[in-house]
Amino acid sequence: MEIRKVLAHLGNQYHCNTKVFVPQTVSLDRIKSIYQENGEIILVDGNYDKTLQIAKKESELNNWKLITNNTWDGYTQIPMDIMCGYSTIFREFELQYQQFKHNGPITHLMIQAGTGGLAACASIW
């Protein structure tokens, strides 16, 4: 599940007002999936980096908790926690691999790299 949808889902589950910043180029299906979880969508005229910059600025101005898997000086704990959560994917994969009694070692694993959090987690798995 995509991280923005997960955050909207958790906000809905815990009765938190969740604002999800997305570039205007994001697909309509992703916007709908966030909206279905009651996330407030804030469309940004710009790319992913511009969207993150605006989300960071708005979070600071409004004293909001910013949750992203990007890191910068002074902002590393939340992205590290997200990466730890990603490790669940690999544990589940291992269990399923063993459950279906595949023979031999895993030689290839294709993952979506995105901003690098999932790829970084995969590299230590």
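From the N terminus on, the elements of this protein chain run α-β-α-β-α-α-α. That gives 5 helices and 2 strands. The model is predicted. Its C-alpha trace spans about 55 × 35 × 30 Å along the principal axes. Of the 125 residues in the chain, 27% are buried.

**The two strands**

- Strand 1 covers residues 19-23. Strand 2 covers residues 40-44.
- How do the two strands pair? They pair in the parallel sense, over 5 bridges.
- One of the paired positions joins valine 22 to leucine 43, its bridge partner in strand 2.
- Between the strands, the chain passes through helix 2, residues 28-36. This β-α-β crossover is right-handed.
- Strand 1 is mostly covered, with 4 of its 5 residues buried.
- In a regular strand, side chains alternate between the two faces of the sheet.

**The salt bridge**

- How many salt bridges does a search of the whole structure find? The search finds 1.
- Glutamate 40 forms a salt bridge with lysine 19. The closest N and O atoms are 2.8 Å apart.
- Glutamate 40 lies in strand 2 and lysine 19 in strand 1, so the pair ties together parts that are 21 residues apart in sequence.
- Lysine 19 also stands opposite glutamate 40 in strand 2.
- Lysine 19 has a relative accessible area of 26%, so it counts as partly exposed. A residue is partly exposed when its value falls between the buried limit of 20% and the exposed limit of 50%.
- Glutamate 40 counts as partly exposed too, because its relative accessibility is 37%.

- Helix 3 spans residues 48-62, and threonine 68 sits in the loop between helix 3 and helix 4. Asparagine 69 is placed in the loop between these helices as well.
- Is threonine 68 buried or exposed? Its relative accessibility is 7%, so threonine 68 counts as buried.
- The side chain of threonine 68 makes a polar contact with the side chain of asparagine 70, at 3.2 Å.
- Asparagine 69 has 13% relative accessibility and therefore counts as buried.
- Which side chain does asparagine 69 contact? The side chain of asparagine 69 makes a polar contact with that of tyrosine 86, at 3.0 Å.

**Positive phi angles**

- Most residues other than glycine have a negative phi.
- Asparagine 38 has a phi near 65°, a positive value in a residue other than glycine. Its place is in the loop between helix 2 and strand 2.
- Asparagine 38 counts as exposed, because its relative accessibility is 55%.
- Asparagine 63 has a positive phi of about 60°, although it is not a glycine. It belongs to the loop between helix 3 and helix 4.
- Asparagine 63 reaches 72% relative accessibility, so it counts as exposed.

**A nonpolar patch on the surface**

- Which residues form the nonpolar patch? Ile106, Leu109, Ile111 and Trp125 form it. Together they have about 320 Å² of accessible area.
- Isoleucine 111 lies in the loop between helix 4, residues 77-99, and helix 5, residues 117-124.
- Isoleucine 111 has 33% relative accessibility, so it counts as partly exposed.

**Residues in helices, and some distances**

- Leucine 7 is found in helix 1, residues 3-13. Its relative accessibility is 22%, so leucine 7 counts as partly exposed.
- How far apart are leucine 7 and glutamine 36? They are 29 residues apart in sequence and 12 Å apart in space, C-alpha to C-alpha.
- Isoleucine 89 lies in helix 4. It counts as partly exposed because its relative accessibility is 44%.
- Isoleucine 89 and glycine 39 are 50 residues apart in sequence. In space, C-alpha to C-alpha, isoleucine 89 and glycine 39 are 24 Å apart.

Methods:
Residues numbered from 1 in each chain as written. Predicted model: local features only at pLDDT ≥ 70, side-chain atom pairs only at ≥ 80, totals over all residues. Heavy atoms only, no water. Patch = residues over 30% accessible without salt bridge, like charges linked within 9 Å, V, L, I, M, F, W, Y side chains within 5 Å. Areas by Shrake-Rupley, 256 points an atom, 1.4 Å probe, with all protein chains shown as cover. Salt bridge = Lys/Arg side-chain N within 4 Å of Asp/Glu carboxyl O. Buried < 20%, exposed > 50% of the residue type's maximum accessible area, 1.4 Å probe, protein only. Pairing = 2+ DSSP bridges. Right-handed = clockwise from strand over helix to strand, strands pointing away. Polar contact = N/O pair within 3.5 Å; in protein donor to acceptor, adjacent residues only side chain to side chain.
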